[in-house]
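The following note sets out points for a colleague who has the sequence and the structure at hand. It is arranged as numbered paragraphs.

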Amino acid sequence: MLLDIVQTAFDGLMVGGLYASVALGITLVFGLMGILNFAHGQMVMLGAYIAFYAVASGLGFWVGTALAMLAMGLFGALLERAIFRRTLVDPMAGLTVSLGLIMIIENLAAAWFTPDPRFMEPPLSGDFRLGPLALSSQRLLVLLLAAALITAFYLFLKRTRLGKAIRAMAQSRQGASLVGVKVTRVSAAIFMIGSALAGAAGALYASLFAISPFMGNTPLMKGFILAAFGGLGSVPGAIVAGALLGLAESFGSRYLSAAFRDGYGFMLLILTLLLMPNGLFGARKGRI
Amino acid sequence: MAKSKFRRIAALALASLLGCAASMGAAAQSVKIGLIGSLTGPHSGWDLPASEGVHMAFSEINAAGGVTVGGKKYSFSLVEEDAQSKPDVAAAGAQKLLSDDDIHTVFGILTSTPGMAAAVPIGKAKVLYIGGFTSMDSLLGKPGGELMLRALGSDPVTAIPFVQEVTKQLGVKKIGILLPNEDVAKGIVAAYKPLFEKAGVQVPMVEFFQPGTTDFAPVLRKFQRQGLDSMFIGYSDPDAEAIVRQSLEVGDIPLRFIYRGGSGAPAVKYASKIQSFAWQILTRDLSSPTDPKVKAWIERYKAYTKKDVTANTYWALTFYDSAFMLARAMEAAGSVTDSKAIAAKLKGMRYDGVRQMRYDTDGRAFTDIDIGMIKDGKTFSVAAKIQ
């Protein structure tokens, strides 16, 4: 029984790490810039396809992941410059534009890649034994990579100049501008980093699960649950919420019913918001 | 002189008229057959090959001189409507076919959502409908479905030879069932579980997962260390491949899979890592055929369509045989327009085409099928004969 619980917890943390890497991008862009970018899930999908084709063409998983991050970062910068910068003053316009982007990106992807699901060859396969535990090698790798990504991002926010500027903007956009932070440039950087995180999440996702042009909606839904659950704009909140959601889904599917998998996350979200209306770590706007 | 010239011209004109009438009488009359299918959109993978099968069959029948019904020769012409994989377009297409009084038989859709939208009005109009979608089973033999026939074997029918063969071939003793939480899956469990148990196989675990699930690890852990030797899974290729792949990842899951699906594709990449994978080829094995009839059909299909055989080509074969069977039923009924008489003949006959098939009194097809197997890294098929 204990063995089973440990294995299920491991499954939950692994998938929670994936969710958290999507949620970080969302919480950055929505929590700090106020842009509700529904096309974030489609960036995860594009990142997954870039990694898939990189692996299929022999470049390997690591190059594929780096390419996915780079390409999505550039794509995010392009979207920010061409579209979202112009909709900052009108959140509804931004929301509508991002919904339109979902349609355009998904249908172009379906036309280009075909709607057939594909499976990427993972860098590791099979399971390994850790005492009595049977653990999936690739899942452990994904968990470690997600943890490394989240840690690196956290250190970037805490230790770098740009990170400080982002935190300053999170507290007060106007105040940051007054002390010399170039808010337009920082906004572009936030969008670029959030999109690169989506690309990385896509590559990790593709190493475990089937990818298709229509796969973006699930990570997006989970990402928004986590952004609200953890507290909008809160990086630790997104991480803790990711882990809790992954655990809830895994334990619910394992010990209750797998037919209700997505329901466990929403139950957790509703319960949390009833008790903590600002989410786990979202005491006030801009807490990162 | 003028009078005799006039007589000669009149005689020539009369002879010409009689000649024309005689030649018209000798030429085959045309029977209009309706065909509605999703020729575009996400369901076209099923219906496009099915349409090719009908076209191919009628082209061969017409080339051989058509059918002789009540002493008259008839050839077939098809009136085709594209359902575009959408129920509203399917319903509109069905109405368009029904507005043509010369159409008394319609070949229909293979997928349930647009299929229902087309089949229900056609059935109510008492036009003979030959379709294939799963939900059709709920219409057959009921009011409005008296003239409907489902050309594909339903689960209760297909399950009998499938369970017999896989149990024998794979030596199955104790299985776990893992299916999506959908109505179709409940029907599958109702059809297969008693048959496995009748064959002496224990079925201690039945689990349903949320449709759209990508991470199967938690639910697969339920099947660990349960003493199972096989997993019965279904019924879409992406789900099946994810389950096979993640079973290898999480470990301690039986690596013998019985797939209620029509393709071996989910297991091909993992053939050397799993013990076995069995699937239903709902018609005949077209990828590595041994039957000369099947081989000959494949060559004719390639020549007619200028296409290679793919996993979905067996939908073409399904409707190809059904079209030939329809022609034989028209001959036996002595009518090309009496839908009721033709349906009665179809339900009473056994057709020996590329595959053998018959319909029961409700319109459910019984056909011989092949069962695909990957075992010890080798791929082959075994035949399961018509019941």
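This is a predicted model: local features need pLDDT of at least 70, side-chain atom pairs count only at pLDDT 80 or more; totals for chains, interfaces and linings use all residues.

1. Helix 5 of chain B is followed by B:G171, and the phi of B:G171 is positive, near 65°. The helix itself spans residues 155-170, and its buried residues are B:D155, B:V157, B:T158, B:A159, B:P161, B:F162, B:V163, B:E165, B:V166, B:T167 and B:L170.

2. Chain B contains an open sheet of nine strands with mixed pairing, in the order 2-3-1-4-5-6-14-13-12. Strand 2 (67-69) and strand 12 (350-352) of chain B are the edge strands, each pairing on one side only. On average, and with direction ignored, neighbouring strands of this sheet are turned by 30° against each other.

3. Within chain B, strand 5 (residues 128-131) and strand 6 (residues 148-153) pair in the parallel sense over three bridges. In this pairing, B:G131 stands opposite B:R150 of strand 6 of chain B. Helix 4 (residues 112-124) of chain B packs on the sheet and touches strand 1, strand 4, strand 5 and strand 6 of chain B. The direction of helix 4 makes about 160° with that of strand 5 of chain B.

4. Helix 2 (residues 44-63) of chain B lies across strand 1 (29-37), strand 2, strand 3 (72-82) and strand 4 (105-107) of chain B. Helix 2 runs at about 160° to strand 3 of chain B.

5. Chain B is divided into domain 1 (29-146 + 290-354) and domain 2 (156-283 + 371-384). The centres of these domains, taken over C-alpha atoms, are separated by 32 Å. The contact between them involves five residues of domain 1 and six residues of domain 2 of chain B. On the side of domain 1 that touches domain 2 of chain B, there are three nonpolar, two polar and no charged residues.

6. Between the chains, the contact takes 24 residues from chain A and 23 residues from chain B. On the side of chain A that touches chain B, two or more residues each come from helix 1 (2-33), strand 2 (133-136), helix 5 (137-159), helix 10 (235-255) and helix 11 (261-275) of chain A. Helix 1 of chain A gives the most to this side, with five residues. By class, the side of chain A that touches chain B has ten nonpolar, seven polar and seven charged residues.

Notes. Residues are numbered from 1 along each chain as its sequence is written. Chains are lettered from A and ligands numbered from 1 in the order in which they are written. Two residues are in contact if their C-beta atoms, placed from the backbone, lie within 7 Å. Helices (H or I, at least four residues) and strands (E, at least two) are DSSP runs, numbered from the N terminus. Ala, Val, Leu, Ile, Met, Phe, Trp, Tyr, Cys and Pro count as nonpolar, Asp, Glu, Lys and Arg as charged, and the others, Gly among them, as polar. Two strands pair if DSSP finds at least two bridges between them. Axes are lines fitted to C-alpha atoms, for helices over the stretch in contact, and angles run from 0 to 180 degrees between N-to-C directions. Domain bounds come from an automatic or database domain assignment. A residue is buried if 20 or more other C-beta atoms lie within 10 Å of its own, exposed if 12 or fewer, and partly exposed in between; C-beta atoms are placed from the backbone.
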